[in-house]
Amino acid sequence: MWAAAARRAGLALAAAAAALALAAWRRRRPPVREVLFFPSPPSCTEALLAEAAGLGTTGRPCPCPLPQGDSSLSRLLRHLLSARRSLEICLFAFSSPQLGRAVRLLHRRGVRVRVVTDAQYMGLPGSQIGLLRHAGIQVRHDQENGYMHHKFAVVDRRMLITGSLNWTTQAIQNNRENVLVVEDTQYVKPFLDEFERIWEEYNPINYRFPKTTND
Ligand SMILES: [Zn+2]
């Protein structure tokens, strides 16, 4: 019994030490400042997603013929998968299966995920929004004539990911797009403020339902 308690205490200590080491490493390393350009050549992201899912890299390699190397998509995925506490996403269109998997994986890992999107686009075939909602992720959408046209995400309230890229396979593989990734509170803060403002505005309790002629 004593041994079990000691082992538990040892494990707790090891976990605390690992968390401290991670925090110290984050403080020491220079802040992320990266520009990603698309289109991103098709590449296999299975290993990256499997590793993030805790499945390790010891499993069989993915049998698909795509190259395994680094790409703008894999770098974007890595930045997203670095989330430990929170992820705010504000996207006009979201249909990339890989990015959808990454977001659901983070939700399963206990990261608080919130998604804001455009009402006209979220119901289109291939949209990830239904899958995100099905997984229990909070999603809110606009109720306006204009588009909810933002394309940004904030990771752990420390990293801003923003640019022209919608998270769609079409855009990732075919379009010329840019994405800026910065860890800089001067930029993160206004985007977080904007997210909170939109999040509240799109709260379902604020919906106005137009009167139908049958009323
Ligand atoms: Zn593959």
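Of the 10 residues of helix α3, how many are buried? The count is 7, so α3 is largely enclosed by the rest of the structure. The legends below belong to views of a predicted model.

**Figure 1. The protein chain in overview.** The predicted model has a protein chain with 8 helices and 7 strands. Taken along the principal axes, the C-alpha atoms fill a box of roughly 75 × 45 × 35 Å. The chain has 215 residues, and 27% of them count as buried. Consider the contacts between residues at least 6 apart in sequence: 72% of these join residues at least 24 apart.

**Figure 2. Helix α3 and its buried residues.** Helix α3 covers residues 72–81. Its buried residues are Ser72, Leu73, Leu76, Leu77, His79, Leu80 and Leu81. As background, an α-helix has 3.6 residues a turn, so residues three or four places apart point the same way.

**Figure 3. Helix α3 beside helix α4.** The axes of α3 and α4 (residues 97–108) come within 10 Å and cross at roughly 15°. Angles under 35 degrees count as roughly parallel, and α3 is therefore roughly parallel to α4. The crossing of the two helices is right-handed. From α3, the residues Leu73, Leu77, Leu80 and Leu81 take part, and they meet Gln98, Leu99, Ala102 and Leu106 of α4. By type, the residues of this contact divide into 7 nonpolar, 1 polar and no charged.

**Figure 4. The largest nonpolar core.** This core holds 41 residues. Which of them touch the most other members? They are Leu77, Leu80, Ala153, Val155 and Ile161. Helix α3 gives the most to the core, with 5 residues.

**Figure 5. Leu80 and Val155.** Leu80 lies in helix α3. Leu80 counts as buried because 23 C-beta neighbours lie inside 10 Å. Leaving aside neighbours within four places in sequence, Leu80 is in contact with Ala102, Ala153 and Val155. Val155, with its neighbours within four places also left aside, is in contact with His79, Leu80, Ser82, Ala83, Leu87 and Ile161. Leu80 and Arg108 are 28 residues apart in sequence, and their C-alpha atoms are 14 Å apart in space.

**Figure 6. Ala52 in helix α2.** Ala52 is placed in helix α2, which spans residues 46–52. Is Ala52 buried or exposed? Ala52 counts as buried, since it has 20 C-beta neighbours inside 10 Å, and a residue is buried if 20 or more other C-beta atoms lie within that distance. Not counting residues up to four places away in sequence, Ala52 touches Leu81 and Leu105. Ala52 and Leu81 are 29 residues apart in sequence, yet 6.9 Å apart in space, C-alpha to C-alpha.

**Figure 7. The loop between strands β5 and β6.** Strand β5 covers residues 151–155 and strand β6 covers residues 159–163. Asp156 lies in the loop between them, and Arg157 is in this loop too. Asp156 has a positive phi of about 50° although it is not a glycine. Arg157, likewise not a glycine, has a positive phi of about 55°. With 17 C-beta neighbours inside 10 Å, Asp156 counts as partly exposed. Arg157 is partly exposed as well, with 14 other C-beta atoms within 10 Å.

**Figure 8. Ala93 in the loop between β2 and α4.** Ala93 lies in the loop between strand β2 (86–91) and helix α4. Ala93 is buried, with 24 other C-beta atoms within 10 Å. Which residues does Ala93 touch, not counting those up to four places away in sequence? They are Tyr121, Asn166 and Thr168. Ala93 and Ala171 are 78 residues apart along the chain, and their C-alpha atoms are separated by 9.9 Å.

**Figure 9. The cis peptide bond at Pro39.** A cis peptide bond joins Phe38 and Pro39, with omega about 10°. Pro39 is found in the loop between strand β1 (33–38) and helix α2.

Technical notes:
Residues numbered from 1 in each chain as written. Predicted model: local features only at pLDDT ≥ 70, side-chain atom pairs only at ≥ 80, totals over all residues. Axes fitted to C-alpha atoms, helices over the stretch in contact; angles between N-to-C directions. Helix = DSSP H or I, 4+ residues; strand = E, 2+ residues; numbered from the N terminus. Parallel < 35°, antiparallel > 145°, perpendicular 65-115°, else oblique. Left-handed = near helix turned anticlockwise from the far one by under 90°. Contact = placed C-beta atoms within 7 Å. Nonpolar A, V, L, I, M, F, W, Y, C, P; charged D, E, K, R; others polar. Buried ≥ 20, exposed ≤ 12 C-beta atoms within 10 Å, placed from the backbone. Core = buried A, V, L, I, M, F, W, Y, C linked by C-beta atoms within 7 Å.
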